[in-house]
Amino acid sequence: MNEVLNNFFEIMSKNNKIGHAFLLCNTNYEIISEQLNEIISKYLFNNQKIDENFFDLKIIRPVNDQILKEDII
């Protein structure tokens, strides 16, 4: 996952096309959390150290492998 996301954000960054919101999905956050945090920090927050309480970042974890509309709202 790291390589695919990193390539995506690298291309978007070079073209100055990084959007204001992203929805990234994976059923096991624990597996991808470290890689995802590195990519988010690098491309969206100018290498700032971030965590789940960062004000511009919302991580919604699935319950029973589902994320409901109400969870996003």
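Q: Where does Val-63 lie in the chain?
A: This is a predicted model, with residues numbered from 1 along each chain as its sequence is written. Local features need pLDDT of at least 70 and side-chain atom pairs 80 or more, totals for chains, interfaces and linings use all residues, and side-chain values use heavy atoms, without hydrogens or water. Helices (H or I, at least four residues) and strands (E, at least two) are DSSP runs, numbered from the N terminus. On that numbering, Val-63 falls in the loop between α2 and α3 (69-72).

Q: Is Val-63 buried or exposed?
A: The classes rest on relative accessible area: buried is under 20%, exposed is over 50%, and partly exposed is in between (1.4 Å probe, protein chains only). Val-63 has 57%, so Val-63 is exposed.

Q: How far apart in space are Val-63 and Ile-40, C-alpha to C-alpha?
A: In sequence, Val-63 and Ile-40 are 23 residues apart. In space, C-alpha to C-alpha, the separation is 23 Å.

Q: In what order do the elements of the protein run?
A: The secondary structure comes to three helices and zero strands. From the N terminus on, the order is α-α-α.

Q: How are α1 and α2 oriented to each other?
A: The axes of α1 (residues 2-14) and α2 come within 10 Å and cross at roughly 5 degrees. Axes are lines fitted to C-alpha atoms, for helices over the stretch in contact, and angles run from 0 to 180 degrees between N-to-C directions. Under 35 degrees counts as roughly parallel, over 145 as roughly antiparallel, 65 to 115 as roughly perpendicular, and the rest as oblique. The two helices are therefore roughly parallel.

Q: What classes of residue make up the contact of α1 with α2?
A: Contact means heavy atoms within 4.5 Å. Residues of α1, including Leu-5 and Phe-9, meet residues of α2, including Leu-36 and Ile-39. Ala, Val, Leu, Ile, Met, Phe, Trp, Tyr, Cys and Pro count as nonpolar, Asp, Glu, Lys and Arg as charged, and the others, Gly among them, as polar. By class, the contact has six nonpolar, four polar and two charged residues.

Q: What is the phi of Asn-16?
A: Asn-16 sits in the loop between α1 and α2. Asn-16 counts as exposed, because its relative accessibility is 70%. Asn-16 is not a glycine, yet its phi is positive, at about 55 degrees.

Q: Which residues does Ser-41 touch, not counting those up to four places away in sequence?
A: Ser-41 belongs to helix α2. Ser-41 counts as buried, because its relative accessibility is 10%. With those sequence neighbours left out, Ser-41 touches Asn-46, Asn-47, Gln-48 and Ile-50.

Q: How much space lies in the largest pocket?
A: On a 1 Å grid over the protein atoms alone, a pocket is an open set of points where a 1.4 Å probe fits, with protein on both sides within 12 Å along at least five of seven lines. Grid points are joined across faces, edges and corners, and a volume is the space filled by probe spheres set on the points. For the largest pocket, that is about 720 Å³.

Q: Which helix gives the most to the lining of the largest pocket?
A: Lining residues have an atom within 4 Å of a point. There are 24, and Phe-22, Leu-23, Leu-24, Leu-57 and Lys-58 lie nearest the centre. They divide into 18 nonpolar, three polar and three charged. With five residues, the helix that gives the most is α2 (residues 29-44).
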